[in-house]
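This briefing covers the fold, the surface and the side-chain pairs of one protein chain. The points are grouped by topic.

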Amino acid sequence: MKDSPELLRINDVAAITQLSADTIRFYEKKGVIEPARFENNYRCYIYNDVRILADCKVYRTLGFSVDEIKFLVNTASRSEANKLFDAKTLQLEQQVMKTQLELQMLRDMREVDTKYRHFRQGYFVRESNED
């Protein structure tokens, strides 16, 4: 296979996608992409591989597993993809709610801390505003 403007080497794909060559090889090993090979056995990528890897990067950022990504980019129908997106949306919404509760707890603790001093010798001493 001769060099062609439509065919890319792994370093080109890494530069375009901002993924490391190791990450690209990892996705190949997992069956997410299947690059052809040059005569010298170097990997040979097409722009569809670049598109898939760009999608992989987004999906990983959103917290999808590699198996979910492989399913999304290789076999999922639109409705199957939407089911996964809905499940991920619900998961993220639950994480947001948990984080909001934790933030409120911290605000409440700060408010309590401004009204009361720390426990000292087994007594809870209230701050005085009369200083």
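**Surface patch**

Val-58, Leu-62 and Leu-92 form a nonpolar surface patch with about 230 Å² of accessible area together. Patches consist of residues with over 30% relative accessible area and no salt bridge, with like charges joined within 9 Å and nonpolar side chains (Val, Leu, Ile, Met, Phe, Trp, Tyr) within 5 Å. Accessible areas come from the Shrake-Rupley method with a 1.4 Å probe, and for residues only the protein chains shown count as cover. This is a predicted model, in which local features need pLDDT of at least 70 and side-chain atom pairs pLDDT 80 or more, while totals for chains, interfaces and linings use all residues. Residues are numbered from 1 along each chain as its sequence is written, and side-chain values use heavy atoms, leaving out hydrogens and water.

- Leu-92 sits in helix H5 (residues 78–115).
- Leu-92 has a relative accessible area of 33%, so it is partly exposed (buried is under 20%, exposed over 50%, partly exposed in between; 1.4 Å probe, protein chains only).

**Overall fold**

- The protein chain has five helices and two strands, in the order α-α-β-β-α-α-α from the N terminus (DSSP runs: helices are H or I, at least four residues; strands are E, at least two; numbered from the N terminus).
- Of the 131 residues in the protein chain, 24% are buried.
- The protein chain exposes about 10000 Å², and carbon and sulfur atoms supply 53% of that area.
- Among contacts (heavy atoms within 4.5 Å) between residues at least 6 apart in sequence, 48% join residues at least 24 apart.

**Helix pair H1 and H2**

- The axes of helix H1 (residues 10–17) and helix H2 (residues 21–29) come within 9 Å and cross at roughly 105°, which makes H1 roughly perpendicular to H2 (65 to 115 degrees).
- Ile-10, Val-13, Ala-14 and Thr-17 of H1 make the contact with Ala-21, Ile-24 and Arg-25 of H2.
- Axes are lines fitted to C-alpha atoms, for helices over the stretch in contact, with angles from 0 to 180 degrees between N-to-C directions.

**Salt bridges**

- The whole structure holds five salt bridges (a side-chain nitrogen of Lys or Arg within 4 Å of a carboxyl oxygen of Asp or Glu).
- Arg-51 and Asp-55 form a salt bridge at 3.0 Å, N to O; both lie in helix H3 (residues 47–61), four residues apart, about one turn of the helix.
- Salt bridges with shared partners join Glu-28, Arg-37 and Arg-43 into one network.
- Glu-28 pairs with Arg-37 at 3.5 Å and with Arg-43 at 2.3 Å.
- Arg-43 lies in strand S2 (residues 43–44) and Glu-28 in helix H2, so this pair ties together parts 15 residues apart in sequence.
- Glu-28 is buried at 17% relative accessible area, whereas Arg-37 is partly exposed at 33%.

Notes
Parallel < 35°, antiparallel > 145°, perpendicular 65-115°, else oblique.
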